[in-house]
Amino acid sequence: MTNPDPLRLVDACYAAALDASLWPGVLEQVSACLGARGTVIVSYDPRRTADTLHSDSLREVHDAYSGGWWEHDSRIARARGLGMRPGLVVADAMLFTPEDKRKDPFFQDFCAKHGLDELVAFFAPDPGGGLMTVSALREAGKGYFEAGEIGLLTLLGPHVARAFDLTARLGVAHRQAADLGSALARAEIGVVLLDRGGAVRFVNPGSERMVAGCLKIALGQPVRTVVAADGPRLDRLVASALAEGRFCAAEPIILRSSDGSPWLLAEAMPLRTGEPGLELISSAKGGVLLLLHPVTPPVLVSVAPQLEQLGLTRMQALVAMEIGRGSSPREAAELLAVREGTVRVHLKAIFGKLGVRRQSELAIIVARLDAILSRRREREADTKP
C-alpha cells in the first residue's frame with residue numbers, strides 16, 4: 001500500500017471533524033504514514049479511557065482493552081508519574097526498559113497476545129479535560145519507530161488532536177442546541193451558510209472574528225477572498241458543493257491571509273432539500289454550509305543553543321536538530337551545505353555525547369525541546385500588550 005500524502009492527510013483530519021464516521025479510516029491512514037499496525041486516540045480521564053477511538057485494524061484490540069485491560073495500562077500510569085505535557089512526542093523507549101516490559105503483565109499478557117510492541121504517542125489536551133494521546137502501535141518484531149516516523153507524528157499529531165477536538169465541540173454544540181441555527185452559533189469554528197446563488201445568509205460569531213485577513217463576508221453577497229489568487233479556488237469549492245447530485249463535502253482548501261493572521265482551512269458541504277437549516281438561508285432548494293477553521297502552521301525555532309548546552313559543538317547541534325526533526329543524513333547535509341559523510345561523523349559524536357543509540361531517541365530529545373520552546377513563545381505572545 002502506498003503511504004498517504006501527509007498534507008492530504010491533514011485535510012482528511014478536518015473532514016473527519018465534520019463527519020465522525022470518517023475517523024477510523026483517517027487513523028488507518030495515519031498508521032500507514034507511520035509504519036504502524038494501527039493508531040488510537042486515548043483519553044487519560046478514567047471515565048473515558050475505555051472508549052478509545054481506533055483505526056479499523058485495532059478493532060479486536062479495542063474490544064479487549066475496553067473490556068478491562070485499560071485499567072492496567074502501564075503506559076498511562078508511567079506517563080502520569082513522569083508528568084507528561086501537551087505537545088510532547090514520547091516513545092516506549094523513553095518510558096520503559098526492555099526488562100520493564102518483560103516483567104509487566106500489560107505488555108506480556110495483553111500487548112504480546114495481540115502481536116503489538118512499540119508505541120509512539122503525541123500528547124494533547126483532552127476536550128473533556130486533562131490529557132489524551134494520539135498513539136501509533138507497532139507490530140511485534142518490527143523494531144523501534146525511526147526518526148522520520150516520529151517526526152511525522154510531531155507534524156500530524158497537532159492536526160489530529162485539533163480535528164478531534166472539533167468533533168467533540170461540534171457534538172456538544174448540537175446536543176446543547178434545539179435547532180441547527182443555535183448549534184452553529186455556539187460552534188467554536190467559523191460557519192457561513194450560502195443560498196443556491198452563493199450569497200451569504202448566515203454568519204456565526206466565530207466567523208466574524210477569524211476571517212478578516214482571508215475573506216470578505218457580507219450578508220446577501222457572495223464570499224470573496226482577500227488574497228485575489230485564492231478566489232478561483234474558493235469559487236470552485238462552492239460550485240462543487242452546489243452541483244446537482246453532490247451529497248458529500250468537496251475537498252477542503254487553504255485560504256491565505258493578507259495581514260499575518262492565521263490561514264483558514266475551508267470546507268463546503270451541500271445542504272440538501274429537506275435538511276434542517278434551510279430556513280436560515282430562506283431557500284427550500286438547498287445551499288452550502290461553509291466551515292472555516294484557522295490553521296496555524298507550526299513555527300519551530302532553533303533549538304541549537306539548547307543542544308549546545310548539552311555538550312555539542314555548534315555544527316553538531318545543527319546536525320542533531322535537523323536529524324531529530326526527521327531529516328535523513330543526506331537531507332541534513334543539503335540543508336547545512338556539508339557532505340553527507342560529515343553529517344554521519346557528527347551524528348556518531350552526537351550519539352556518544354547525548355548517550356543515545358538511535359535516531360528515534362535523538363528525535364525524542366529534539367521534540368521535547370521543540371515543545372518546551374513553542375510553549376514559551378506562546379506564553380510570551382499572550383503577555384504582549
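1. The largest nonpolar core has 45 residues, and within this core Trp23, Ile41, Val120 and Val160 touch the most other members. Helix α8, which covers residues 147-176, gives the most to this core, with a contribution of nine residues. The model is a predicted one, and the points below should be read with that in mind.

2. Leaving aside residues up to four places away in sequence, Ile41 touches Trp23, Leu27, Thr52, Leu53, Met132, Thr133, Val134, Val160 and Phe164. Trp23 and Val160 are among the core residues that touch the most other members, and Trp23 and Leu27 are also listed among the buried residues of α2.

3. For the chain as a whole, there are 16 helices and twelve strands, and buried residues make up 49% of its 385 residues. Among the contacts with a separation of 6 or more, 57% are between residues 24 or more positions apart. The accessible surface comes to about 18500 Å², and carbon and sulfur atoms account for 54% of that area.

4. The next point concerns a sheet. Five strands form an open sheet in the order β2-β1-β5-β4-β3, with antiparallel pairing. Its edge strands are β2 and β3 (89-91), each of which pairs on one side only. Strand β1 (residues 38-43) and strand β5 (residues 131-139) run antiparallel and are joined by six bridges; within this pairing, Gly38 has Leu137 of β5 as its bridge partner.

5. Helix α2 lies across β1, β2 and β5, and runs at about 120 degrees to β1. The helix has twelve residues and reaches 17 Å from its first C-alpha to its last, which is close to the 16 Å expected at 1.5 Å a residue. Its buried residues are Trp23, Val26, Leu27, Val30, Ser31, Ala32, Cys33 and Leu34. Just after α2, Gly35 takes a positive phi of about 65 degrees.

6. Ala32 and Ala136 are 104 residues apart in sequence, while their C-alpha atoms are 9.9 Å apart in space.

7. With a relative accessibility of 13%, His54 counts as buried. Which residues does His54 touch, not counting those up to four places away in sequence? The contacts of His54 are with Pro24, Leu27, Thr39, Val40, Arg59 and His62. Of these, Leu27 is also touched by Ile41, and Leu27 is itself buried in α2.

8. A separate pairing involves strand β6 (residues 190-195) and strand β7 (residues 200-203), which pair in the antiparallel sense over three bridges. In this pairing, Leu193 stands opposite Phe202 of β7. The hairpin of β6 and β7 has four residues between the strands, and Gly198 in this hairpin takes a positive phi near 85 degrees.

Methods:
Residues are numbered from 1 along each chain as its sequence is written. This is a predicted model: local features need pLDDT of at least 70, side-chain atom pairs count only at pLDDT 80 or more; totals for chains, interfaces and linings use all residues. Side-chain values use heavy atoms; hydrogens and water are left out. Helices (H or I, at least four residues) and strands (E, at least two) are DSSP runs, numbered from the N terminus. Buried means under 20% relative accessible area, exposed over 50%, partly exposed in between (1.4 Å probe, protein chains only). Contact means heavy atoms within 4.5 Å. Accessible areas come from the Shrake-Rupley method with a 1.4 Å probe; for residues, only the protein chains shown count as cover. The expected span of a helix is 1.5 Å times one less than its number of residues. A nonpolar core is a set of buried Ala, Val, Leu, Ile, Met, Phe, Trp, Tyr and Cys residues joined through side-chain atoms within 4.5 Å. Two strands pair if DSSP finds at least two bridges between them. Axes are lines fitted to C-alpha atoms, for helices over the stretch in contact, and angles run from 0 to 180 degrees between N-to-C directions.
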